[in-house]
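Work through the exercises below with the structure open beside you. Try each task before reading its solution.

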Amino acid sequence: MLKGNDRSVQLTNVLLIGLNGEQLGVVSYSKAKELAAEAGQDLVMVAERANPPVVRIMNFGKLCYEQKKNQKAQRKVAAAQKVKEVKFHINIDQHDYETKVKHVMDFFEKGFRVKVTLALRGREMAHQDMAFELMNRVTEELIPVADPDGKPKMMGRNITVGFTPKSGTVKKAPTAEDMADDDVESDVVEESEE
C-alpha cells in the first residue's frame, strides 16, 4: 500500500488502474494520490518492477481479507491431500478381503488417495507369487474406480501400490470428521502426502 506521507516512494509517473479495473493511463504519482483520496480508497502498488510501476485504486482492507480467505481455502485443500493406507496379508479370509476392499472404495468416494500394502511375515516371503496374485486381484477390483500409480512393487517385506480415484468416483469432499475418523479398522493407517 502506498501512503500519502510515505517518503520512501520515489515515483514520478505511474500506470493507474481505477476502482472497476479500467486503465486510467500513465499519470503522475501526485495525481494518482489525489484520485485515490477523492474516491475515498487506498492507492495500492500492483507491479512495482513494471515500467512505469502499476498502482490501483482499491480498498486495501478488502484486498487483505480476500488474500487471507484464499490462503485458508488453499490450506483446506492441502489438508485434504492425504493418503490412506490399507494393509492386506496373504492368508486373508474372503469376508475380511471384501471388507477391506469396501473400505478402500469408501476412501475413493471421499476423494482420498489410497496406498494398498500387502505385508509378508516370516515364511510368507517364500510365497511371493501368491502375494503378487492377491495384489493383482485387488488391483483388478479397484481399476473401475481408481487408477493405479504403477504395478505392485516389492519394498522389503511389503508389496505396495498406490491408487488415485477417478474423477467420477468422488461423491463428496473429505470433511474434518473424515480426516479424524481412523477407527475404521486397525489395519487402516493414515499418512501425509510426500
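Helices here are DSSP runs of type H or I with at least four residues, numbered from the N terminus. The model is a predicted one.

**Exercise 1.** Find the residue just after H1 that takes a positive phi, and give the angle.

Solution. Step 1: locate helix H1, which spans residues 29-39. Step 2: go to the position just after H1, where Gly40 has a positive phi of about 75 degrees.

**Exercise 2.** Which residues of H1 are buried, and what covers them?

Solution. Step 1: apply the cut-off, since buried means under 20% relative accessible area. Tyr29, Ala32 and Ala36 are the buried residues of H1. Step 2: these residues lie on the same side of H1, because they cover an arc of only 55 degrees around the axis. Step 3: look at the face turned away from this buried side, which carries the exposed residues Ala37 and Glu38. Step 4: identify the cover of the buried residues, which includes strands S1 (13-17), S2 (23-28), S3 (42-47) and S4 (54-58).

**Exercise 3.** Describe the chain as a whole: how many helices and strands are there, and what percentage of the residues is buried?

Solution. Step 1: the chain has 5 helices and 10 strands. Step 2: of its 194 residues, 31% are buried. Step 3: the accessible surface is about 12,300 Å², and carbon and sulfur atoms hold 49% of that.

**Exercise 4.** State the mean pLDDT of the chain and examine residues 182-186.

Solution. Step 1: the mean pLDDT is 82, with 80% of residues at 70 or more. Step 2: residues 182-186 have a pLDDT below 50, and this stretch makes 6 contacts beyond near neighbours in sequence in the model. Step 3: where pLDDT is low, the predicted coordinates should not be read in detail.

Conventions. Residues numbered from 1 in each chain as written. Predicted model: local features only at pLDDT ≥ 70, side-chain atom pairs only at ≥ 80, totals over all residues. Heavy atoms only, no water. Buried < 20%, exposed > 50% of the residue type's maximum accessible area, 1.4 Å probe, protein only. Helix = DSSP H or I, 4+ residues; strand = E, 2+ residues; numbered from the N terminus. Arc of directions from axis to C-beta. Contact = heavy atoms within 4.5 Å. pLDDT = per-residue confidence, 0-100. Areas by Shrake-Rupley, 256 points an atom, 1.4 Å probe, with all protein chains shown as cover.
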